Amino acid sequence: MPDKPLSFQDLILKLHDYWSRQGCVILQAYDVEVGAGTLNPATVLRALGPRPWKVAYVQPSRRPADGRYGENPNRLRQHHQYQVVLKPNPANLQELYLGSLEAIGIDPRVHDIRFVEDDWENPTVGAWGLGWEVWCDGMEITQYTYFQQVGGLDVFPVAGELTIGLERLSLYLQNVDSVYDLRYNDEFTYGEVFLANEQQFSAFELEVADVDVFKRHFEDMERQVPIILGSRGRKGEQLVLPAYDHVLKASHLFNIMDARGAIAVAERQSYIGRIRDLCKQCAEVYVAQQGGNA
Amino acid sequence: MPQLLLELFSEEIPARMQAQAARDLERMAREKLAAEGLLPGALTAFAGPRRLTLVAEGLAAAQAERHEERKGPRVGSPDQAIEGFLRSTGLTRDQLTERDGLYFAHIHKAGRPTADIVGEMVDAIVRNFPWPKSMVSGVSKLRWVRPLQRILCVFDGEVVPFTIDGHVSGDLTEGHRFMGTGQAFRVRNFDDYADGLARNFVVLDPHERRERIMDAARTLCFARNFELVEDDGLLDEVAGLAEWPTPVMGDMDPAFLDLPPEVIRTSMRVHQRFFAVRDPTTGFLVPHFITVANIEATDGGKTIATGNARVLSARLSDARFFWTEDQRVRLEDRLEKLKGVTFHARLGTMYQRVERITKLAGELAAFTGADRAKAEQAARLCKADLGTGMVGEFPELQGVMGAYYADKEGFDPEIVDAIRSHYRPQGPSDEVPALAVGATVALADKLDTLVSFFAIDEKPTGSRDPFALRRAALGVIRILQQTRARLPLKQFASDDLIAFFADRLKVILRDQGQRHDLVDAVFALGDDDIVRIVAKVSALADFLGTEDGANLLAGYKRAVNILKAEEKKGALPVGDPIASAPGEEGALTAAVGRMEAALDKALDKEDYAAAMTALAALRAPVDAFFDKVLVNSDVPAERDNRLRLLAKVRDAMGRVADFGQVTG
């Protein structure tokens, strides 16, 4: 590790620099609320179809149920995921990944890096893959997955996905215990940037959000998806990209209702099934638009 | 003799799949080679985190030449038939021989080179390998457990050339991901290979990796006068996670030692794959751990130790949060939550199950000698910990946590013990609850499982036993055997469940060296008291092992055969034989009478050794009877009396067991 560990911001810049050099498109975060970097259409949709794709981006990921009013040192209602997708996954993806660790100062001759079996799945988008959680000195720093299916459809060529929880990795690199004490850069702490967000959004999402309103919104979004998919653009194409935005919105509205404790155990599965169906509709249209699966 | 070396080099293979993968590789190779008539002197497979390796010693360079004689058409058959035969054999007419008026073709098949067969074999292995879960990657449709990177295949010092879905075979391998040279290196045989790997920090053999871990971990502990808490399952897993396994001792914040040791150990094992460390004199955990790294770090492992310690602290902080939060709610108040937990879609909620177990425990207490109120109280609380945060995090601590929380609430020690031990015995090597209340709740837990699943017809079939009902039945039997509780199972179980118990009991007794036909013989009497059944089987086995027993069994069978044969001719005479018959007939009649009196007494006292002694007294008179008396007398009254006597012998013996079910 270098003498002065990377700030939160420098960590992102180093990763951007590294993956940019591997030919990745460096995207800005998607501007619709998502619960995980995977849900960004740059991963979920681009993983599908026959076309190659290389991307890296930081995705703020909103998980209302994890809100702790800024009082818990490492649980956040919004954290940041660094997301890399390479399709088709190159044969040396592991090497590239380990190169990214060295780029941020993790020396594999000092730190114990291990690939521990972990099969990833996300039932809300009908996706699964095989891979590992990558451990650094016993801490999970990356979810490493070879996508096999998304939206219930086979992913081929296969997309390799790397997801890094930036706050957690930063805590480790900076050797501090509270995320709010992280150096965001040389002048500001993470707390100065995000503490107020955590406090206010926790209160809103856990106590204030009007469940009836959110439920109505959810149903609106749900109804919109097939309507948008049934509409055509100027080239006669189905409007799958805007339709998918509405799936994301539905998913986030569900997460807030869930955080409010408004979803009964028995209802949960049915909500997740509804979102999965919407996602599947989008995935099918997207794949057809791309000329089918290879 | 030539040697074959095969290495399938891939990205990290899940630890839990490695041992089976080595067995499958060895088996698939053996089957293919055998099918081709190639028998290696030795065949060994190794599995590790990044490679499956097979080495076959002493293979022939080629298959042996094969001669085949094929029978053809009759001499003088139409030309068409003969030409057809020539086409199929590839011979000309003058190469055929004649014998017994038939044409014969002698075909020589040159043996194929072993290398060709190996190429086919590897192709078949790679394409059909039975991974529990496999995947595709990149643009390849080839399925493997994780991306396959390279195939090394060398036979007799030469590369066996083939290509499988873009993977060209070669003679290259590589060492440790971080500690090796980073360069692939060439190997020509297994010795090269093993040396090269060792020089590049790879321990090929999983047994050696295990030993390396145990040796180093014990040494680290010994140096500080600690003792490793051994864990075989964990050892297997960590030996599958590192090519150069290197134990490192780290420190744990001693403040966490106030957590229950089970919690610390489980958190270490489940989350971090750490071994716990204890004080050999007190047996208490000490604030340290052993992690098994994959490298010998350049700083001696300091960074690894501190990094892992930080992660452990975060984990144990979570555990402490659950430990304190859980104690804010009384177990009794958690029962309500179980109404929302489904036990099984057709068997209602966990709350309903608890109600059933509680009622059952109350009824069973009368038979186990447990305090009824305590048994009911313990049963009522035994599942309450399922709603706690700690059990949510570590399901394997169910029961254990309930006991800790019950103890904190000040419950009676027997109740605490019962909550802790009621899942026992969980396997053949697990102990039965030692105290009466615990045994009672454990019985109720298992009986409810069995009765419930049998009621909805979810019985085990073949190897399918998703609800572990066989284990539950074995548990019931073992608890009854150990506590000597005299439980009339029929009061609690349906007929098919009783039959299921009989089957399980056979398995147990067979494992203890008893004959299963004796279990059938005793069960046939309709007894449902496991303790009594086991005692009878054991006495019966002893008896049949004696000369008297074996002879009496033969006499019994003879009597039954005669009765059966006579029954076919018409109804057997009913009633008792007369007491005044002469000779051996009279002697046997008297002996049966004496035997029955003795048997009554013995059975009454459940003294089965005495019951067998009573039976033994019949042996001599039965033998003498068959020796001297002709059953099928011409005098109908004599015949009838003798048949009555044999029926009486059969029935009297039948009070102990159904000897007709005993073989031999």
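Visitor: Which residue in S6(B) does B:Arg99 stand opposite?

Guide: B:Arg99 stands opposite B:Leu102 in S6(B). This is a predicted model, in which local features need pLDDT of at least 70 and side-chain atom pairs count only at pLDDT 80 or more, while totals for chains, interfaces and linings use all residues. Residues are numbered from 1 along each chain as its sequence is written, chains are lettered from A and ligands numbered from 1 in the order in which they are written.

The pair belongs to strands S5(B) and S6 (residues 102–109) of chain B, which are joined by 3 bridges in the antiparallel sense. Strands (DSSP runs of E, at least two residues) and helices (runs of H or I, at least four) are numbered from the N terminus, and two strands pair if DSSP finds at least two bridges between them. Strands of a sheet pair through backbone hydrogen bonds.

S5 and S6 sit in an open, antiparallel sheet of 3 strands in chain B, with the order S4-S6-S5. Its edge strands are S4 (66–74) and S5 (97–99) of chain B, each pairing on one side only. From one strand to the next the twist averages 35°; angles run from 0 to 180 degrees between N-to-C directions, with axes fitted to C-alpha atoms, for helices over the stretch in contact. Helix H2 (residues 79–89) of chain B lies across S4 and S6 of chain B, at about 165° to S4(B).

Chain B has another open sheet, with 4 strands in the order S15-S17-S18-S16 and antiparallel pairing. Strands S15 (227–228) and S16 (246–251) of chain B stand at the edges with a single partner strand each, so one side of each has no neighbour in the sheet. S16(B) runs antiparallel to S18 (residues 285–293) of chain B, and 6 bridges join them. One residue to look for is B:Thr246, whose bridge partner in S18(B) is B:Ala293. Helix H5 (residues 206–223) of chain B packs on this sheet, touching S15, S16, S17 (275–278) and S18 of chain B. The direction of H5(B) makes about 30° with that of S16(B).

S7 (residues 135–137) and S8 (residues 140–144) of chain B pair in the antiparallel sense over 2 bridges. Here B:Met135 stands opposite B:Trp144 in S8(B).

Now step back to the whole chain. Chain B has 24 helices and 20 strands. Its radius of gyration, taken over C-alpha atoms, is 36 Å, well over the 26 Å of the globule rule (2.2 Å times the number of residues to the power 0.38) for 664 residues, so chain B is more spread out than a compact globule. Along its principal axes the C-alpha trace of chain B spans about 100 × 100 × 50 Å. Of its 664 residues, 41% count as buried. A residue is buried with 20 or more other C-beta atoms within 10 Å of its own, exposed with 12 or fewer, and partly exposed in between; C-beta atoms are placed from the backbone. B:Arg558, in helix H20 (residues 547–569) of chain B, is partly exposed, with 15 such atoms within 10 Å.

The largest nonpolar core has 262 residues, and those touching the most other members are A:Cys282, B:Phe275, B:Val277, B:Ala378, B:Val441 and B:Leu615. Such a core is a set of buried Ala, Val, Leu, Ile, Met, Phe, Trp, Tyr and Cys residues joined through C-beta atoms within 7 Å. Helix H7 (residues 240–259) of chain A gives the most to this core, 11 residues.

Finally, the two chains meet: 24 residues of chain A are in contact (C-beta atoms, placed from the backbone, within 7 Å) with 28 residues of chain B. On the chain A side of this contact, the largest share, 4 residues, comes from S4(A). Chain A itself has 8 helices and 9 strands. The radius of gyration of chain A is 19 Å, close to the 19 Å that the globule rule gives for 294 residues, so chain A is as compact as a globular protein of that length.
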